[in-house]
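Subject: Structure handover and findings

Hi,

Here is the structure you were waiting for. Please open it next to this email. My notes follow below.

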Amino acid sequence: MIVLGLDPGLANTGWGIVEERRGSCRCRAYGCIRTTADLDLAWRLRRIVDELSLVANRYHPNVAAIESIFFGANTRSAIPTAHARGAALVACSFAGIEVGEYTPMQIKQAVVGTGAADKRQVTYMVRNLLHLDHDPRPDHAADALACAVCHVNLSTTAALSGGRYIQEKGDPYA
């Protein structure tokens, strides 16, 4: 299974490709799509769609895992993040990739073992779980890799218990 992990953000959308084989995960690639505030919103969103489409065409993921929006103390960033998340979902739909959604707490729980983990702990565990010789940077890419690892872990658990974690929704345009 090849998973495209996504950490959506309007200024920085992190992405990471994780491959799971026989119970072992490895990182194939990761990066961050940056857009600048001097660009019109539509062009920023188009860049996210275009860049993620290139990633999907290069690595051929079977599934994507995206972080859901967290409405914490900074509610001003929720709407731009929602725009970026929508662009990421559109890119996945263009590529025919089903998407699993995970809360920040689910991701931290699956990767670190506690939903109260901080960014440092998440990065440390991503590095160790994926056998990297360095911390993935920027943080957005590390978070995207964590999201992909979360999907692998939860999918494996569901498969072992006889279930399927992502429900088939089908393509309404097929």
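E2 and E3 pair in the antiparallel sense over 10 bridges. (Strands pair if DSSP finds at least two bridges between them. Helices, H or I with at least four residues, and strands, E with at least two, are DSSP runs numbered from the N terminus.) The two strands form a hairpin with 2 residues between them. In the turn, arginine 22 has a positive phi of about 50°. Threonine 13 stands opposite isoleucine 33 in E3.

Two notes on the source. This is a predicted model, in which local features need pLDDT of at least 70 and side-chain atom pairs count only at pLDDT 80 or more, while totals for chains, interfaces and linings use all residues. Residues are numbered from 1 along each chain as its sequence is written, and side-chain values use heavy atoms, with hydrogens and water left out.

Overall layout

The protein has 5 helices and 5 strands. Along the sequence they follow the pattern β-β-β-α-β-α-β-α-α-α. The protein has 174 residues, and 44% of them count as buried. (Buried means under 20% relative accessible area, exposed over 50%, partly exposed in between, with a 1.4 Å probe and protein chains only.) Take the contacts between residues at least 6 apart in sequence: 61% of them join residues at least 24 apart. (Contact means heavy atoms within 4.5 Å.)

Which parts does the aromatic pair tie together? The structure holds 1 such pair. The ring centres of tryptophan 15 and tyrosine 59 are 6.2 Å apart and the planes are at 35°, so the pair is tilted. (Rings of Phe, Tyr and Trp, the last by its six-membered ring, pair if their centres lie within 6.5 Å; planes under 30 degrees apart count as stacked, over 60 as edge-to-face and the rest as tilted.) Tryptophan 15 sits in strand E2 (residues 12-21) and tyrosine 59 in helix H1 (residues 41-59), so the pair links parts that are 44 residues apart in sequence.

The cores

The largest nonpolar core has 23 residues. (A nonpolar core is a set of buried Ala, Val, Leu, Ile, Met, Phe, Trp, Tyr and Cys residues joined through side-chain atoms within 4.5 Å.) Leu4, Leu6, Trp15, Ile17 and Leu52 have the most contacts inside it. Strand E1 (2-7), E2, strand E3 (24-34), H1, strand E4 (63-67) and helix H2 (78-95) each supply at least two residues of this core. H1 gives the most, with 7 residues. Apart from this core lies another, of 21 residues, including Val3, Tyr102, Ala117 and Cys147. Leaving out residues up to four places away in sequence, leucine 6 touches, among others, Trp15, Leu52, Ala88 and Cys147.

Two residues to look at

Aspartate 7 lies in strand E1. Aspartate 7 is buried yet has no salt bridge. (A salt bridge is a side-chain nitrogen of Lys or Arg within 4 Å of a carboxyl oxygen of Asp or Glu.) The nearest side chain of opposite charge, lysine 119, is 5.6 Å away. (Lys and Arg count as positive, Asp and Glu as negative; His and the chain ends are not counted.)

Cysteine 27 lies in strand E3. Cysteine 27 is buried, with a relative accessible area of 16%. Beyond four places in sequence, cysteine 27 touches Ile17, Leu130, Leu132 and Leu145.

Best wishes
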